Amino acid sequence: MADELGLRERKKLRTGERISETAVALFLRDGFDRVSVADVAAAAEVSKKTVFNYFPTKEDLVFHPLRDHVDEPARVVRSRRPGEPPVAALRRHFLAGLAASDPNTGLADYPQFLGFQRMVTEAPSLKLRLMEQWIRSEDSLAQALAEALGAAEGDDPSGEVVPRVLAGQALAVQRALTVRNLERMLAGERAADALAQATAEAELAYGLLAKSFP
């Protein structure tokens with residue numbers, strides 16, 4: 001029974017991935033607003049009801065591949081090296097991402113990534129969903145910082161406010177750096193050519209951020 005349940009779950013996951021991958025490919029080719037959920041269902045060879053069973057909204061189809069990034073800053077803080085300050089861990093993670101041309105830093109120049117970013121920029125509902133993801137990311141990072149600073153939320157006012165303020169500052173730095181890198185990539189720069197400048201800006205920004213952390 002356990003093996004059968006595991007098989008069903010794996011099959012379900014594969015189906016969801018296939019639907020999302022099919023949808024994103026269609027959106028990139030034809031435009032997010034020009035492709036309907038019925039079009040996605042037909043291309044993925046499933047029913048429209050099946051698509052909605054996996055993805056309640058059309059926007060969910062787009063952001064499904066990015067779902068693991070929402071809690072990434074919080075995971076970085078929780079898994080930091082012994083004695084390492086949270087900002088140092090976030091800086092190290094971002095710099096490693098730059099060096100690896102991680103799309104999450106904005107410093108990636110392959111066509112599918114650039115097409116995806118243009119699509120999100122041009123569709124108001126996708127831009128709104130992206131903002132919602134940043135808010136969720138900030139919430140999870142605030143909790144991780146509360147744990148790191150030994151101030152669980154729900155205690156005194158400072159115990160709740162300080163981690164949230166710091167989380168907002170940390171993600172504001174990440175957003176600013178990522179947007180700047182995206183601007184470079186969308187303007188036609190190569191990731192390799194922009195790496196040195198992007199790294200210098202990240203070092204500066206996280207250095208300033210570190211001064212605001214206790």
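The structure is a predicted model, in which local features need pLDDT of at least 70 and side-chain atom pairs count only at pLDDT 80 or more, while totals for chains, interfaces and linings use all residues. Residues are numbered from 1 along each chain as its sequence is written, and side-chain values use heavy atoms, with hydrogens and water left out.

The overall picture comes first. The protein chain holds 10 helices and 0 strands, where helices (H or I, at least four residues) and strands (E, at least two) are DSSP runs numbered from the N terminus. Along its principal axes, the C-alpha trace of the protein chain spans about 55 × 50 × 30 Å. Of the 214 residues in the protein chain, 40% are buried; buried means under 20% relative accessible area, exposed means over 50%, and partly exposed lies in between (1.4 Å probe, protein chains only). A contact means heavy atoms within 4.5 Å. Among contacts in the protein chain between residues at least 6 apart in sequence, 67% join residues at least 24 apart.

A helix pair shows how such contacts look in practice. Helix α6 (residues 86-99) and helix α10 (residues 191-210) pack at an angle of about 170°, and their axes are 10 Å apart. On the α6 side the contact residues include Val87, Leu90, Phe94 and Leu98, and on the α10 side they include Leu195, Ala198, Ala202 and Tyr206. Sorted by class, the contact of α6 with α10 has 12 nonpolar, 2 polar and 2 charged residues. In this sorting, Ala, Val, Leu, Ile, Met, Phe, Trp, Tyr, Cys and Pro count as nonpolar, Asp, Glu, Lys and Arg as charged, and the others, Gly among them, as polar.

Aromatic rings come next. Rings of Phe, Tyr and Trp (its six-membered ring) pair if their centres lie within 6.5 Å; planes under 30 degrees apart count as stacked, over 60 as edge-to-face and the rest as tilted. By this rule the count comes to 4 aromatic pairs. One of them joins Tyr54 and Phe55, whose ring centres are 6.4 Å apart with planes at 35°, so the pair is tilted. Tyr54 is partly exposed at 27% relative accessibility, whereas Phe55 is buried at 4%. Phe94 and Tyr206 also form a tilted pair, because their ring centres are 5.9 Å apart and their planes stand at 50°. Phe94 lies in helix α6 and Tyr206 in helix α10, so this pair ties together parts that are 112 residues apart in sequence. Both partners are hidden from solvent-sized probes by the definition above: Phe94 is buried, with a relative accessible area of 4%, and Tyr206 is buried, with 2%. Rings can also meet charges. A charge sits over a ring if NZ of Lys or CZ of Arg is within 6 Å of the ring centre and within 35 degrees of the ring normal. The charged end of Lys58 sits over the ring of Phe32, 4.4 Å from its centre, and Arg175 lies over the face of Trp134, at 5.1 Å from the ring centre.

Val24 lies in helix α1 and counts as buried, at 9% relative accessibility. Leaving out residues up to four places away in sequence, Val24 touches Leu61, Val62 and Phe116. Asp33 is found in the loop between α1 (2-30) and α2, and is exposed, with a relative accessible area of 60%. Ser140 belongs to helix α8 (residues 124-148) and is buried, with a relative accessible area of 15%.

Backbone angles close the survey. Most residues other than glycine have a negative phi. Glu45, although not a glycine, has a positive phi of about 60°. Glu45 lies in the loop between α2 (37-44) and α3 (48-54) and counts as exposed, at 70% relative accessibility. Ser101 has a positive phi of about 55°, and its place is in the loop between α6 and α7 (111-122). Ser101 is partly exposed, with a relative accessible area of 32%.

Key:
Axes are lines fitted to C-alpha atoms, for helices over the stretch in contact, and angles run from 0 to 180 degrees between N-to-C directions.
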